[in-house]
Amino acid sequence: MKKTSQHGQWSSRMVFILAATGSAVGLGNIWKFPYIAGENGGGAFVLTYLLCILAIGLPIMMAEIMLGRRGRQSPINTMRVLAVESNASALWSWLGWLGVVAGFLILSYYSVIAGWAMAYVVRVASGVFDGATADGVSHIFGEFIADPEKLLAWHSLFMIITMLVVARGVKGLERAAKFLMPALILILILLVGYSMNQGAFQQGVSFLFSADFSKINAAGVLTAMGHAFFTLSLGMGAIMVYGSYLPSRVSIGSTTVIIALADTAVALLAGLAIFPIVFANGLTPASGPGLIFQTLPIAFGHMAYGAFFGTLFFLLLVFAAWSSSISLIEPAVAWLVENRKMSRMRACIWAGLLTWLIGIGTVLSFNLAADLTVFGKTFFDLMDYLTANIMLPLGGLCIALFAGWVMAAETSAKELSLPNDHIYKAWRFIVRYVSPVAVLLVFLNVIGLI
Ligand code: PHE
């Protein structure tokens, strides 16, 4: 097995934690988590999501990092060499392909939403939200997404800045992440403070944390599980490719726990900031993808120095989206460099162009093509459902099966080097039985077989 990847290596454990947390913390935590929690009734959904993080996300994240570090290549080639090493079929490299496709599809709509956040940097800074009412804020949002040209322009700009960073390698971003990630958390805490004073805080907290299981159905459970994969960047090779740049001596177990804790904390803070504003202003929790854009500007419009903090908040959100986007496309770029002998720059241009094109479908799904639906879903809904609810859990399931059943126990034990044998045994039991069975049960439940 190779000792390092041809694409380079993280300089320390801290840098890996920053990069992986940068990948995990993104629109998923701040934009998606609150609105899907809102659509699925709150508490029971949140609890299911937390359970999935613990029982499925954490162990599979360890498995995915471990596979990446052992293979030291793009996920497609990593899966191939690991399969060969284990005397299994080289067809496992399809798992890498599934991830590459999922990465393209996710980034295609992720970039459009990140574009909204960029547009809001400018809007909040201009002071249009000063003293704004809930109606006014919703109106501004509605007008914005009705304009395909604007959405396309911001989507294009976001894709360009993403591909620029990917082309030059991720070193610069690491340095920035050191300050920007803590800043994002601080500003979220500030927002929670605002919600405590000005929002319907009690109501928000009880919406998020008191679980009434009659409010969640099979589809909601699938969404919660899918989101556990999405928010931890699991099941498509992003964390695998980051793992392939991880130095051999770093312990995978504790590192994973830190990343998952940080990710979950950001999501819960976002929920605590948003729902009190929702209830205090008579908005509905199930407002859909526009939720943060229709709630947070109300807070920024009324708090002291709101324009300043609001601009900063959306800037940091763009940054968080940016550091996630890079990991969405890295598996494809690494493969193009390895197998097509392209320069990083060329690989980025092709991968970026393809993603940008698919993204146009999402741009139009909010305006001109809003009525064009398949199974009642717009293009954006379809992309989101296909990736988060199907492809990522499927990818994660295969990763668990590979790590638990195909790879030899000595190999995984050595590569993970967990603090003691009990922890290793528990991990192995979970990836062999618990996580795969849980994912399968949720799938079967949704298609109505159980
Ligand atoms: N985890 C990112 C977020 O929460 C999204 C993502 C998914 C990134 C899959 C990489 C891979 O925003």
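This is a predicted model: local features need pLDDT of at least 70, side-chain atom pairs count only at pLDDT 80 or more; totals for chains, interfaces and linings use all residues.
**Ligand shell**

I began with the classes of the residues around the ligand: the shell holds seven nonpolar, eight polar and no charged residues. Residues are numbered from 1 along each chain as its sequence is written, and side-chain values use heavy atoms, with hydrogens and water left out.

I counted 15 residues around the ligand (near means a heavy atom within 4 Å). Ala24, Gly28, Tyr110, Phe230 and Ser233 are the closest.

**Polar contacts**

I looked up polar contacts next (pairs of N or O atoms within 3.5 Å). A ligand oxygen lies 2.4 Å from a side-chain N or O atom of Tyr110. A ligand nitrogen is 2.8 Å from a polar backbone atom of Phe230, and a ligand nitrogen is 3.2 Å from a polar backbone atom of Thr231.

I then checked cover: the ligand taken alone exposes 320 Å², and the protein buries 100% of that (Shrake-Rupley method, 1.4 Å probe). Helices H1 (13–24), H2 (27–39), H10 (218–231) and H14 (306–339) each give two or more residues to the shell (helices are DSSP runs of H or I, at least four residues).

**Largest cavity**

The space taken by the ligand is the largest cavity (more than half of the ligand's atoms lie within 2 Å of its grid points). A cavity is a set of points, on a 1 Å grid over the protein atoms alone, where a 1.4 Å probe fits but cannot get out; lining residues have an atom within 4 Å of a point. The largest cavity contains about 130 Å³ (volume is the space filled by probe spheres set on the points).

I found 14 residues lining this cavity, with Ser23, Tyr110, Phe230, Ser233 and Leu328 nearest its centre. H14 gives the most to the lining, three residues. The lining has eight nonpolar, six polar and no charged residues.

**Largest pocket**

I ended with the largest pocket, about 310 Å³ in volume (a pocket is an open set with protein on both sides within 12 Å along at least five of seven lines). Of its 17 lining residues, Glu39, Lys377, Asp381, Asp384 and Tyr385 are the closest to its centre. H16 supplies the largest share of this lining, six residues. By class I noted six nonpolar, six polar and five charged residues.

Notes. A polar contact is a pair of N or O atoms within 3.5 Å; within protein, one must be able to donate a hydrogen and the other to accept it, and residues adjacent in sequence count only if both atoms are side-chain atoms. Ala, Val, Leu, Ile, Met, Phe, Trp, Tyr, Cys and Pro count as nonpolar, Asp, Glu, Lys and Arg as charged, and the others, Gly among them, as polar.
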